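User: I'd like to go through this model with you, starting from the database annotation and then moving on to the domains. Could you take it step by step?

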Amino acid sequence: MTKTNKSTPAAPERILTEAEILAMDDKDYMNPAQMAFFKAKLQALEKELLKNAGETTEHLRETVLVPDPADRATIEEEHALELRTRDRERKLLKKVQQSIVAIDNNDYGWCEETGEPIGIPRLIARPTATLSLEAQQRRELKQKLYGD
């Protein structure tokens, strides 16, 4: 199966479940129902990431003055950990938004290297995947052997 350019049909009325998506035949790969499922999943993830970012901003604005240096160090370490977490989430948010654009452009679900299907189980596990499992394994092996 290879990617074909199709016009974007209207989204289905209801979003299918994960089990219904997994039960679909291979010939139905990236049909409108599957695209709607993944778009809804990605939009929910995007909303959650944005909410977390807002909560972090509010949390960091709450400055607590504590005289004890040990307590102050603990608070600073917690802030640093929270910022590292949000940095990872910021990078994920960018990938989520790129995936939503790919859905809108009918490019979602296809390997960037080979043009082959990424596969529904892989996309359910990692909705921002841009490579098939085989292409990802080749890339990781190359990075391991030759470095970045």
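**Annotation and domain contact**

Analyst: In the UniProt record, an unreviewed entry, residues 111-135 carry the feature "zinc finger region: dksA C4-type"; positions are in the numbering used here, feature names are shortened, and annotations may be inferred rather than shown by experiment. This is a predicted model, in which local features need pLDDT of at least 70 and side-chain atom pairs count only at pLDDT 80 or more, while totals for chains, interfaces and linings use all residues. Residues are numbered from 1 along each chain as its sequence is written, and side-chain values use heavy atoms, with hydrogens and water left out.

User: How far apart are the end C-alpha atoms of 111-135?

Analyst: They lie 8 Å apart, and the span is 36% helix and 0% strand, where helices (H or I, at least four residues) and strands (E, at least two) are DSSP runs numbered from the N terminus.

User: What does UniProt list for residues 34-102?

Analyst: The unreviewed entry gives "domain: DnaK suppressor protein DksA N-terminal" for them; that span is 90% helix and 0% strand, with its end C-alpha atoms 13 Å apart.

User: Changing topic, how is the protein divided into domains?

Analyst: Domain 1 covers 28-108 and domain 2 covers 109-147, with bounds that come from an automatic or database domain assignment. Their centres, taken over C-alpha atoms, are separated by 22 Å. Domain 1 brings 13 residues to the contact and domain 2 brings 10, contact meaning heavy atoms within 4.5 Å.

User: And what area is buried between them?

Analyst: About 1,000 Å² is buried between domain 1 and domain 2, with carbon and sulfur atoms giving 68% of that area; buried area is the accessible area (1.4 Å probe) that two parts lose on being put together, summed over both. On the domain 1 side, Tyr29, Phe38 and Tyr108 supply 54% of the area buried against domain 2, more than any other three residues.

User: How many salt bridges across the interface?

Analyst: The rule finds 0 between domain 1 and domain 2, counting a side-chain nitrogen of Lys or Arg within 4 Å of a carboxyl oxygen of Asp or Glu.

User: Which elements of domain 1 touch domain 2?

Analyst: Those that give two or more residues to that side are α2 (32-61) and α3 (69-104), and α2 gives the most, with 5 residues.
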